Structure formats: structure tokens, C-alpha cells
Amino acid sequence: MDNDDERRPIKMLHDRLLVRIPNDGSERRTSGGILIPATAQQNKRLVWAEVVGAGPNVRSAEEGDRVLFSPEDRHEVEVHGDDFLILRERDVHAIAAPRIEPGSTGLYL
């Protein structure tokens, strides 16, 4: 493949979402101040990621939204040297976006 092929635009198909991979390698801190090391097992924990592309049949998510999904329901891909995930819209558990009506869940991110 030559260099021209590496810079072609990408169009997501069907109900697929392209999301930016969350930073898996860093420590995180709970709201109570407890430090959780990066080595702690979190395979049952849902993860937030930013939508960077959406297929034409995606109805709820848009580019720029944050989506909540299970790390087990993902396919990793490298695009132009950056790592992303491809998800099906049905594998998304929640969406955080400014356009969502306040009071629908009572939570804010």
C-alpha cells in the first residue's frame, strides 16, 4: 500500500460507531480520593469513549458524544497511526451529550 492509500477518508457503515480509545494505561481516582492502579482488573467495568465517526444507520449517537460501553463488545483498529474502537450502536449502554434533555437521568458528566 502506498502513502496515498493511508490518507483516504473513512466512512463508517450501517450501525457502526468509531470511538476514540479511552486511556487504559493510567491510574484513576475515585470521587472519594482512592487511587486505583492501572493494573487493577476492570474487565467488567463499563467504559466511556468519544464518538469520532458514525454510520448512516446510527440513530442516537453523533460525533463528539461520549458513549458508555462494555470493553468486551469492541473491535480495535488503527487509523492513520491512532488507535480507535469500532462498536455497534446496540452495544452502547448510554450517551452523554449537550443535546440530551436535562432531567432525563438526573446525572451530569
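This is a predicted model: local features need pLDDT of at least 70, side-chain atom pairs count only at pLDDT 80 or more; totals for chains, interfaces and linings use all residues.
Read from the N terminus, the order of its elements is α-β-β-β-β-β-β-β-β.

Of the 109 residues in the protein, 26% are buried. The accessible surface amounts to about 8,200 Å², and carbon and sulfur atoms account for 47% of this area. When contacts between residues at least 6 apart in sequence are considered, 62% of them join residues at least 24 apart.

Strand 7 (residues 82-88) pairs with strand 1 (residues 16-20) in an antiparallel arrangement with 5 bridges. Within this pairing, Leu87 of strand 7 lies opposite Leu17. Strand 7 also pairs with strand 6 (residues 75-79), again antiparallel and over 5 bridges. Here Leu85 in strand 7 is the bridge partner of Glu76. Strand 6 and strand 7 form a hairpin with 2 residues between the strands, and in this hairpin His80 adopts a positive phi near 50 degrees.

Asp15 is located in the loop that lies between helix 1 (3-6) and strand 1. The side chain of Asp15 makes a polar contact of 2.6 Å with the side chain of Arg16. Leaving aside residues up to four places away in sequence, Asp15 is in contact with Asn57, Val58, Leu87, Arg88 and Glu89. One of these residues, Leu87, is the residue that stands opposite Leu17 in the pairing described above.

Definitions and conventions: Residues are numbered from 1 along each chain as its sequence is written. Side-chain values use heavy atoms; hydrogens and water are left out. Two strands pair if DSSP finds at least two bridges between them. Helices (H or I, at least four residues) and strands (E, at least two) are DSSP runs, numbered from the N terminus. A polar contact is a pair of N or O atoms within 3.5 Å; within protein, one must be able to donate a hydrogen and the other to accept it, and residues adjacent in sequence count only if both atoms are side-chain atoms. Contact means heavy atoms within 4.5 Å. Buried means under 20% relative accessible area, exposed over 50%, partly exposed in between (1.4 Å probe, protein chains only). Accessible areas come from the Shrake-Rupley method with a 1.4 Å probe; for residues, only the protein chains shown count as cover.
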